[in-house]
Amino acid sequence: MEKIAVKIDDLTVAYNYKPVLWDIDLQIPEGVLMAIVGPNGAGKSTLIKSILGILKPIAGSVSIFGKPYKKQRKHVAYVPQKGSVDWDFPTTALDVVMMGTYGKLGWIKRPGVKQKKKALEALEKVGMLSFKGRQISQLSGGQQQRVFLARALVQDASIYFMDEPFQGVDATTEVAIINILKELRKAGKTVVVVHHDLQTVPEYFDWVTFLNVKKIATGPVKVIYHDDNLTKTYGINYKVSIQK
Ligand code: ADP
């Protein structure tokens, strides 16, 4: 039987008593590359933040490989939405990526030559090696996003959550990112991505969850990615020409 990476039961989350996620039941199988799609304000970011324990639900529960997030922290990597992190302290791109290795080292030990090599390799992978000494605050949003991706890579997690990694990046970067995501899946990792471009879903992902406050549908792209579910989710008559 396939292993479940994330199991969400009866999850309801509210801001100021207004529910933005309603009674969500969702299981994400291990090893999928999954898109979460839905209109603005559907609760996509909220769902990821709830899985990661950043937001406290008013009802329901989440487990990651059978345990609460608190116990699985070191197996989980998170790339937040572009521009959502405020860098008011001086730190270089390399420092940020090195931070990703701390989880493995514990608090006392300092990162050494091996960690630095790994961080530099990750920066190269995302095409940011030449910016390694640059202050993170002096990078564009898209460049910061790539540095975060590099940090997630050195974390060597089992499951990756990414909130709109393609937002505002150029075509070359988009290809670089999707290649990395596909590599992660090939290595058996589970990758969960908030995604906006409905046209690229069939090309990039093998699993999809439709969300609009409630869970509309979840499953293999080949089976459930069709106009009906898109219309249910976006509320208007959706027609995407999907190549299968
Ligand atoms: P999505 O990622 O799908 O665009 P979000 O999860 O960011 O949606 O937001 C879901 C809803 O919750 C929206 O209506 C948004 O306005 C609201 N919301 C998000 N963050 C907050 C917050 N910190 N305080 C109050 N309301 C919020």
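Among contacts in the protein chain with a separation of 6 or more, 65% join residues 24 or more positions apart, where contact means heavy atoms within 4.5 Å. The structure is a predicted model, in which local features need pLDDT of at least 70 and side-chain atom pairs count only at pLDDT 80 or more, while totals for chains, interfaces and linings use all residues. Residues are numbered from 1 along each chain as its sequence is written, and side-chain values use heavy atoms, with hydrogens and water left out.

The protein chain contains nine helices and nine strands; these are DSSP runs numbered from the N terminus (helices H or I, at least four residues; strands E, at least two). Of its 244 residues, 48% are buried, that is, under 20% relative accessible area, against over 50% for exposed and in between for partly exposed (1.4 Å probe, protein chains only). The accessible surface of the protein chain is about 12600 Å², and carbon and sulfur atoms account for 52% of this surface. Accessible areas were computed by the Shrake-Rupley method with a 1.4 Å probe; for residues, only the protein chains shown count as cover.

The largest nonpolar core has 47 residues, and V147, L181 and V208 touch the most other members. A nonpolar core is here a set of buried Ala, Val, Leu, Ile, Met, Phe, Trp, Tyr and Cys residues joined through side-chain atoms within 4.5 Å. Helix α5 (residues 141–155) gives the most to this core, contributing seven residues. Another core, of 27 residues, lies apart from it and includes L11, L26, I64 and Y69. Beyond its neighbours within four places in sequence, L181 contacts L33, M162, F166, V191 and V193.

Helix α5 also holds Q145, which is buried at a relative accessible area of 3%. Not counting residues up to four places away in sequence, Q145 touches V79, P80, Q81, K82, D163, E164 and P165. V126 is placed in the loop between α4 (113–125) and α5. Because its relative accessibility is 4%, V126 counts as buried. With residues up to four places away in sequence excluded, V126 touches R146, L149, A150, L153 and I180. The C-alpha atoms of V126 and A150 are 6.4 Å apart, although the two are 24 residues apart in sequence.

Y204 belongs to helix α7 (residues 201–204) and is buried, with a relative accessible area of 8%. Leaving out residues up to four places away in sequence, Y204 touches L33, F166, E174, I178, K182 and H195. The side chains of Y204 and E174 form a polar contact of 2.8 Å. A polar contact is a pair of N or O atoms within 3.5 Å; within protein, one must be able to donate a hydrogen and the other to accept it, and residues adjacent in sequence count only if both atoms are side-chain atoms.

An oxygen atom of the ligand is 3.0 Å from a polar backbone atom of G43, and a backbone N or O atom of S45 is 2.9 Å from a ligand oxygen atom. The protein covers 59% of the 560 Å² of accessible area that the ligand has on its own.
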